[in-house]
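Subject: Handover of a structure

Dear colleague,

Please find the structure below, together with its sequence. My notes on it follow directly after.

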Amino acid sequence: PDAEIDLKFTRHGPVLWQDEKRALSLRWVGNEPGTAGYLASLAIDRAENWDQFEAAVPRWKVPSENLVYADTEGNIGEHSAGLAPIRKWTGLLPVPGSSGRGSSARSSAGYEWSGFVPTAELPHFFNPKAGFVATANHKMIPEHYPYNVGFEWAPPYRVTRIRSVLEQAKQVQHKLAIADMESLQNDVTSLPALDFQKLISTTSLKGDPDVRSFLSWDGRLTRESTDAALYEVWFEKLCAGTSDLFSKGRDLRLPKLSGRYDDLTPDVVLRILASPDNDLFGNNPLASRDQLLADTLKAARHELTKLLGTDASLQTWGKLHMVRFRHALDQQPGAQGLFDLGPLARPGDEYTVNATGTGSSSWDQVSGASYREILDTADWDRSVAINTPGQSGQPGSPHYSDLMPLWDAGQYFPLLYSRKAVENGIVDRLVLEP
């Protein structure tokens, strides 16, 4: 007989856990009416100007996104959209959810939502003075924003790099073309790596022969770079060592150097190391900081040798940083060879514009852009796009993986728009008949 499962709900949402006395339920904006994912695209896609775009944005409820705007008249804008509840508490911890009925019940009245942040009060702007719009999952809200819409943000490295490239083009009066935007979307210059270089150049390690090449490196996380591999592994060890200081106080032993540490972001670690204090580093913080750098460098060299062999010239970032496209059915006998694709050596990391974030247990890429597009509002037929691994989801089809090499190389296909251009560019035609 089929197993039966009881699904339990409260007025706040589904029950996630319970024991004999308590239950934990979740109220989530995605359970509110009209929150089918991306449903508002139906309205936004029909907008012909900024006013119509703004009229459609309130329909966007889930998921929260930074929506960017451009039109054929040369206007640009942005509106951060998505349902965000208004509540007197932060929403970070469980709170009483009972109705308050009965003498012993704890009322949840003080913890109920009182509505949602009005769309008009979410961050947005139209034709900014900078002359461009840039978003990269960074903190969009200003300081002292009156609503709690989030507490964890991606470090601003990616958006800072984007802005610097656009500002530089503006300063030299270079009119950006499709090729420039292709290059920017695939940019792998690491700002944290460059900041780390600056830090090392101020320490006692600057004369170490092991870091001479690293200090002259251009900070680009290319597949072929050995300095990129050293940076990634060294900085991971450094995050581990810095994290250990918080748990061990002034004890600078590093027993956890073999683990993966994702809790400390580069901006936090670099800020700690740039101004080491006595609380973390003891009575001689500069010397202890430099010893931490030396110990983690040694640990990184050992890790690279263990993973990639003793020849330092072959310890490249691409040999560590791979992407694998795994099919949901690849655990069936013989399915991996039929369904799975890769591995491919990858550039970048989660802090480069070409974001290729790693997981917690390996150096493999597990996040990043699978789809990219560059739209030319002056001539839609000049637009380009790329996806991966292919247009077809059918193994054995020539289009199952034919886009993967283009995507990996940072190349694009024409995103044709007008009927004439589409007819001229047809390679295959699919006819659906009853």
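Gln173 is exposed, because its relative accessible area is 76%; exposed means over 50%, buried under 20% and partly exposed in between, with a 1.4 Å probe and protein chains only. Please note that this is a predicted model, in which local features need pLDDT of at least 70 and side-chain atom pairs count only at pLDDT 80 or more, while totals for chains, interfaces and linings use all residues. Residues are numbered from 1 along each chain as its sequence is written, and side-chain values use heavy atoms, with hydrogens and water left out.

Backbone angles

Gln173 is found in the loop between α3 and α4 (178-185); helices (H or I, at least four residues) and strands (E, at least two) are DSSP runs, numbered from the N terminus. Its phi is near 55 degrees, a positive value in a residue other than glycine. His144 also has a positive phi, near 65 degrees, and is not a glycine. His144 belongs to the loop between β6 and α3, and it counts as exposed because its relative accessibility is 79%. As background, most residues other than glycine have a negative phi, and most peptide bonds are trans.

Two cis peptide bonds may be noted here. One joins Val62 and Pro63, with omega about -5 degrees; Pro63 sits in the loop between α2 (50-56) and β4. Another runs from Gly342 to Pro343, with omega near 5 degrees, and Pro343 is part of strand β8 (residues 341-345).

The sheet β4-β5-β6

Which strands form the open sheet of 3 strands, and in what order? The order is β4-β5-β6, with antiparallel pairing; two strands pair if DSSP finds at least two bridges between them. The edge strands, each pairing on one side only, are β4 (65-70) and β6 (124-126). On average, neighbouring strands of this sheet are turned by 15 degrees against each other, direction ignored. For this angle, axes are lines fitted to C-alpha atoms (for helices over the stretch in contact), and angles run from 0 to 180 degrees between N-to-C directions.

β4 pairs with strand β5 (residues 76-81) over 6 bridges in the antiparallel sense, and Val68 has Glu78 in β5 as its bridge partner. A hairpin with 5 residues between the strands is formed by β4 and β5, and Gly74 in its turn has a positive phi of about 95 degrees. On the pairing of β5 with β6, 3 bridges join these antiparallel strands, and the bridge partner of Gly77 in β6 is Phe126. Of the 6 residues of β5, 5 are buried, so β5 is largely enclosed by the rest of the structure.

Strand β1 (residues 9-10) runs antiparallel to β2 and is joined to it by 2 bridges. Phe9 stands opposite Pro14 in β2, and a hairpin leads from β1 to β2 through 2 residues. β2 is in turn joined by 3 bridges to strand β3 (residues 23-25), again running antiparallel, and these strands form a hairpin with 4 residues between them.

Trp17 lies in strand β2 (residues 13-18), and its bridge partner in β3 is Leu24. Trp17 counts as partly exposed because its relative accessibility is 43%. Trp17 and Leu24 both belong to a nonpolar surface patch of about 510 Å², which is made by Leu16, Trp17, Leu24, Leu26 and Trp28. Like charges are joined within 9 Å, and nonpolar side chains (Val, Leu, Ile, Met, Phe, Trp, Tyr) within 5 Å. Accessible areas come from the Shrake-Rupley method with a 1.4 Å probe, and for residues only the protein chains shown count as cover.

Two buried residues

Is Ala136 buried or exposed? Ala136 counts as buried because its relative accessibility is 7%. Its place is in the loop between β6 and α3 (157-171). Leaving aside neighbours within four places in sequence, Ala136 is in contact (heavy atoms within 4.5 Å) with Arg158, Val159 and Ile162.

Glu232, in helix α7 (residues 226-248), counts as buried because its relative accessibility is 10%. With neighbours within four places in sequence again left aside, Glu232 is in contact with Leu221, Trp317, Asp349 and Trp363.

Yours sincerely

Key: Patch = residues over 30% accessible without salt bridge, like charges linked within 9 Å, V, L, I, M, F, W, Y side chains within 5 Å. Salt bridge = Lys/Arg side-chain N within 4 Å of Asp/Glu carboxyl O.
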